[in-house]
Amino acid sequence: MRNRTLADLDQVVALGGGHGLGRVMSALFFLGSRLTGIVTTTDNGGSSGRIRQSEGGIAWGDTRNCLNQLIAEPSIASAMFEYRFGGQGDLAGHNLGNLMLKALDNLSVRPLEAINLIRNLLKVSASLIPMSEQPVDLQATALSGDTVYGEVAIDRLNDLPVKMTLTAPVPTTREALLAIAGADLIIIGPGSFLTSLMPLLLLADLTQALRRTRTPMIYLDNLGRELSVVAANMTLAQKVQMMEQAIGREKVIDGVIIGPATAAENLADRVIVQRPLAAEDEPHRHDRALLRQALDLALQSLG
């Protein structure tokens with residue numbers, strides 16, 4: 001059906017972490033329960049990192065960020081969830097949403113149950129699924145041969161890692177695999193390339209699911225320059241190649257959506273949607289309406 005739009009789809013799955021995934025999901029808010037986000041859980045910095053150090057478990061920050069951006073009805077509950085402690089004490093810098101998710105995780109059988117409890121509290125209809133319910137960290141082999149542990153340290157590298165892996169072969173959440181199998185469209189990005197997007201593609205069963213699917217797959221590139229020197233200097237073609245090598249199938253990414261300043265060389269036989277996408281108030285972030293239009297255009301071009 002060549003003229004289908006996002007509104008015609010039964011299930012859209014978006015993969016990523018942090019602000020990027022939240023932005024995409026808030027742009028597709030109208031899909032309601034037909035929208036699923038699969039969230040990176042390897043963050044070891046900020047409030048999430050401190051909670052992981054003291055309490056263990058998966059990183060909650062990216063999930064909290066997505067939930068924040070999906071809140072449609074402001075309430076006491078949403079104000080609490082978004083609250084960040086100030087001052088100089090032990091709680092300084094902690095986000096109450098992260099603490100709430102961790103507390104509910106301790107009370108629940110599964111981390112996914114904690115997310116669903118918060119979704120119900122905040123009246124969020126889209127699904128959010130952690131990439132894995134087992135705690136795991138990102139690691140890389142640097143050009144020097146040294147092993148670099150954790151997202152924070154990897155983002156400080158000056159050269160592209162020789163290899164990226166997870167610290168343990170953890171399983172993907174079962175619901176994430178089912179969502180991919182049933183998806184009509186899969187979106188990857190935007191987000192910190194090495195530390196928000198690549199961790200998802202280092203899960204063996206998740207990449208197997210992406211390799212097997214014939215569902216259209218679209219990569220959303222960042223608009224702003226990344227803080228990571230390495231990622232900031234990667235070309236679009238390099239990013240696509242690295243993702244496809246991780247997934248294990250050539251040209252599995254059918255289309256890319258980029259801003260006007262991004263060069264799109266060496267991407268033959270793919271749909272390329274290039275147009276202004278920046279939000280007026282935050283030029284490094286996607287405007288939600290423009291992003292939705294670009295996704296509709298890519299979807300129609302893919303047929």
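**Packed helices and pockets**

Student: At what angle do helix 2 and helix 5 (residues 96-107) pack?
Tutor: Good place to start! Keep in mind that this is a predicted model. The axes of helix 2 and helix 5 are 10 Å apart, and the angle between them is about 30 degrees.

Student: How are helix 1 and helix 3 oriented, roughly parallel or roughly perpendicular?
Tutor: Their axes come within 8 Å and cross at roughly 30 degrees. The crossing of helix 1 and helix 3 is right-handed. Angles under 35 degrees fall in one named class, so the two helices are roughly parallel.

Student: Which residues of helix 3 make the contact with helix 1?
Tutor: On the helix 1 side you will find Gly18, His19, Leu21, Gly22, Arg23, Met25 and Ser26. Across from them, helix 3 contributes Asp62, Asn65, Cys66, Gln69 and Leu70.

Student: Which residues that line the largest pocket are the closest to its centre?
Tutor: The largest pocket has a volume of about 990 Å³. It is lined by 35 residues. The closest to its centre are Gly18, His19, Ser192, Ser196 and Leu227.

Student: How many residues in the lining of the largest pocket are polar?
Tutor: Among the elements giving two or more residues to this lining are helix 1 (18-27), helix 2 (46-55) and helix 3 (61-70). By class, 4 lining residues are nonpolar and 10 are charged. The polar count is 21.

Student: Which helix gives the largest share of the lining of the second largest pocket?
Tutor: This pocket has a volume of about 450 Å³, and 24 residues line it. Two helices, helix 11 (229-232) and helix 12 (236-247), each supply at least two residues. The largest share is 3 residues, and it comes from helix 12.

Note on methods: Residues numbered from 1 in each chain as written. Predicted model: local features only at pLDDT ≥ 70, side-chain atom pairs only at ≥ 80, totals over all residues. Heavy atoms only, no water. 1 Å grid on protein atoms, 1.4 Å probe; cavity = no way out; pocket = protein on both sides within 12 Å on 5 of 7 lines; lining within 4 Å. Points joined across faces, edges and corners; volume = space filled by probe spheres on them. Helix = DSSP H or I, 4+ residues; strand = E, 2+ residues; numbered from the N terminus. Nonpolar A, V, L, I, M, F, W, Y, C, P; charged D, E, K, R; others polar. Axes fitted to C-alpha atoms, helices over the stretch in contact; angles between N-to-C directions. Parallel < 35°, antiparallel > 145°, perpendicular 65-115°, else oblique. Left-handed = near helix turned anticlockwise from the far one by under 90°. Contact = heavy atoms within 4.5 Å.
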